[in-house]
Structures are given as C-alpha cells and as structure tokens.
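Dear colleague,

Please find below the structure that I am handing over to you.

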Amino acid sequence: MPTSRKAAAVLALATALPLTTALPSTAPPAGASPAADALVAATSVAAAELRGLPGRPTHSVVALNDLGQVVGTADGNGPAHAVLWSPGGAPTDLGPGLPTDLNERGQVVGLEPRRDLGPYAQHPRIWFGGGETDLAPPGAGWVLTSSINAHGVVPMTYSSSPYGYHQERASVWRDGAHSDLPVSGPHVALTAVNDAGVVAGSRSPTSGADFSAFRCTGTTCTRLADAPGGYGPYSVEAVNEAGVVVGSRGTVALRWEGGAVTVLSDNGRVAHGEEALNERGDAVGWSVDADGVRRAVLWPAGGKPVDLGVPGQSEAVAVNERGEVVGVAWGAGGSSARAFLWRAGRLTHLAPLGGSSAFPVALNDRGVVVGQSTAADGTSRPVKWAPPPGAPVR
C-alpha cells in the first residue's frame, strides 16, 4: 500500500461542494461518555497550527507523507483550492480542486468540478512540480478517485457522460495512459491501490442484493469471497503489498486474504481510508462491546482484537508501520472530540488549539499526526502534532 497516509477519501457526490472542517468529521456515537475527558489527564502533546492561504478562512487536512509534506483544502472566497504544506509548514496554493491523497514523491491527486463541461463533470488531477495533469478518461463526466501510489498510479471510476453521475466504468491511470478494467456499473467504486498496482473496490447493483467486493491485478479482476452476515453494499478501504484487503459491510468489519474472508467484528467497522491497514496486516476501526459502547480497536494480523483502552466512546482512525494508532474519543453527548495516539499500550492526548475538540486525520511512519482542531475562538484550524519518538510496538 502507499506509504502516504490518510484516513478519509472523497468518494461521494459531496465532492462537488466545498470541504468543511466541522469536528468531528463523522457523527459521534449516541451516548458518548464524559469518561473521554480522562484523556486530558494523560500525557499530552500540543498542537501546532499549519499556516493557511491568505484570504481563505477555512482549511482542512487530507493526507500526510513520511517526508512531512501535508496536503489539504483551503475554502471560502471562491472555489476550494488544494494546498500543499512543506515539511517546514510553508503552504503552496496548487490551484482550484479538492485533493484526496499524497504520495512519497510529493504528487498530489484530487478532483476539480468542471461546470463548464456539463451538469455532472468532474476531472481528476495530479499536481506535481509546479504543474498539473488532467487524468480524465475520454468522454468521462463525473470522475471519482481517492488514492495514488508511490509510482503515480491512480485508480478511478466515472460516468460515461457529463449528464449523469453514476459510476459506470473503472480505469487505472498508469505511465501516462488509461487501462480500462472489466468491471461495470451502475455503481462501481475503486477505492484502494498498493505500490504493485493492485487495486480493490466494490460494486452495487441498481436493484437486488448482488453486492460484491473485488481485487484487480493488471486488467484481471477477481470477486472477493462474500461476507457471512451483513447486508447491503461493501465499503473497501485498503489493500497492502501482500494483497490483503480490509473493509466493511454494514456493521461487519472484514479482512480478505487470498481467497478467504475473515470477520474481524460482527458489530463494528474498519476505519475509513487506506490508513486502516498497514503492511503487517494490522487493521484498525471500532467494535461495540457487550455494554453497547463503541471501542477503538486494533486487529493485529493473526492475533486477537486489542481494545485500546480509551475512556468512553471511541474509534481508531489510522495505523502506521510501527503499529502506532491514532483515533478519537467523544465527551458527554458528543460535545467534544478528544484526539489520541496509542503507542505500545500507552495513550497520549493530542491537545486542541485552545478549543474543545481535535480530530486526527492521518499519521506517518515517523509518528507525526495531522488533523483539525478548534481554536479558542471556536473556528476550526489545520494542525500538526509531533509526539516524541517511541519504540516500535513490535
């Protein structure tokens, strides 16, 4: 899987709208407990604000790589712009668009709505080295893409005209050209790619219950084993270099390895995005315990689930190659989001910028974490946390 790390992909029709930085980015679970406030008493790391673009009041973070580059969105006062922050924190305006991922070379992939081309026209972009490349397949209308691997390979799905948004076709951009995949809609999602170019995704029918997940090598695609239990569409989140795939179906968390599928939790979900899985095969997300409490969980490859011991309702967002995990816990009634780092069984509180909430988005293999935080004035700001180095979990 790419070593650039992100937790959330822009894969819905909402990509046509400006991104916001509301906290948390997903609705908190019902009955969030004030016990989450106990995280404040844990070892704490201060947040450092990432400087935004002038004249744009709202910024959000999307991805981070091991070089320390960060990509995100600047919004307000016109169309949203992609922003690339250097390791030192200097922002560069990449131009109009909604970034979705960043690789180790510093290539940024994203999407730009094109209303000039039709009611449902959106083109994928790669921004790199001061230039940009339009990746839209010939005749495509509404294109969705969320990932780019270390070699600049980008999987995407698209409608066949600018007058509809159903994702009918799938393609992979590789070495400056498109390779069509033998999967078709009406609802196809191509959501993960590893550095070998293996891609994974899902397909949903217009009617009926023949939902499926698949994995493709080259232009050969194989249906993954159907999950026991669960109902409705699959959500494929990540694939690593061994070809292990993780995702969910409803509230059933799943891992596919070879031709077999394993239920990680029959009442939970794998975290959203490629950071849900590392190269060892460790996955993260949440699972509901016997008391009905949503718990942040690590599913080690070949091992038993590990409750991260976070007070209150919580979920894990991302795991790196060191086995470090970041996530969020909610205060009473979902009134605040507490960001945390879990390392070798110990919790570190990732403090907000003087406000009440912080939400982590990504971490890299050096342990640097990025996300959003409320400031003292109640606005949401892009931030970076740099916890002190620690020993690998194993």
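Which residue does a disulfide join to Cys216? The partner is Cys221, with an S to S distance of 2.1 Å. A disulfide is taken here as a pair of cysteine sulfur atoms within 2.5 Å, and a search of the whole structure returns 1. Because the torsion about the S-S bond of Cys216 and Cys221 is about 105°, the disulfide is right-handed. Cys216 counts as buried, at 0% relative accessibility, whereas Cys221 is partly exposed, with a relative accessible area of 22%. For these terms, buried means under 20% relative accessible area, exposed over 50%, and partly exposed in between, using a 1.4 Å probe and protein chains only.

Please note the basis of the model. It is a predicted model, in which local features need pLDDT of at least 70 and side-chain atom pairs count only at pLDDT 80 or more, while totals for chains, interfaces and linings use all residues. Residues are numbered from 1 along each chain as its sequence is written, and side-chain values use heavy atoms, with hydrogens and water left out.

As to confidence, pLDDT is the predictor's confidence in each residue, from 0 to 100. The protein averages a pLDDT of 88, and 87% of the residues score at least 70. Over residues 7-25 the pLDDT is below 50, and this stretch has 54 contacts in the model beyond near neighbours in sequence. Residues 31-35 also have a pLDDT below 50, with 16 contacts beyond near neighbours in sequence. A contact means heavy atoms within 4.5 Å.

Turning to the overall fold, the protein has 0 helices and 34 strands. Both are DSSP runs numbered from the N terminus: helices are H or I with at least four residues, and strands are E with at least two. Of the 394 residues, 57% count as buried. Among contacts with a separation of 6 or more, 46% are between residues 24 or more positions apart. The accessible surface comes to about 14500 Å², of which 55% belongs to carbon and sulfur atoms; these areas come from the Shrake-Rupley method with a 1.4 Å probe, and for residues only the protein chains shown count as cover.

Two open sheets may be described next. Strands are said to pair if DSSP finds at least two bridges between them.

Strand β10 (residues 122-128) is joined to β11 by 4 bridges, and Ile126 has Thr133 in β11 as its bridge partner.

Another open sheet of 4 strands has the order β20-β21-β22-β23, again with antiparallel pairing. β20 (234-239) and β23 (260-265) stand at the edges with a single partner strand each, so one side of each is left without a neighbour in the sheet. Here the twist averages 25° from one strand to the next. Within this sheet, β21 (residues 245-249) and β22 (residues 252-257) pair over 5 bridges, and Gly247 stands opposite Leu254 in β22.

Finally, strand β31 (residues 346-350) runs parallel to β2 (residues 43-45), joined by 3 bridges, and Ser44 has His349 as its bridge partner. β31 is also joined to β30 (residues 337-343), in the antiparallel sense, by 5 bridges. There Leu341 is partnered with Thr348. The hairpin of β30 and β31 has 2 residues between the strands, and Ala344 takes a positive phi near 50°.

With kind regards

Definitions and conventions
Axes are lines fitted to C-alpha atoms, for helices over the stretch in contact, and angles run from 0 to 180 degrees between N-to-C directions.
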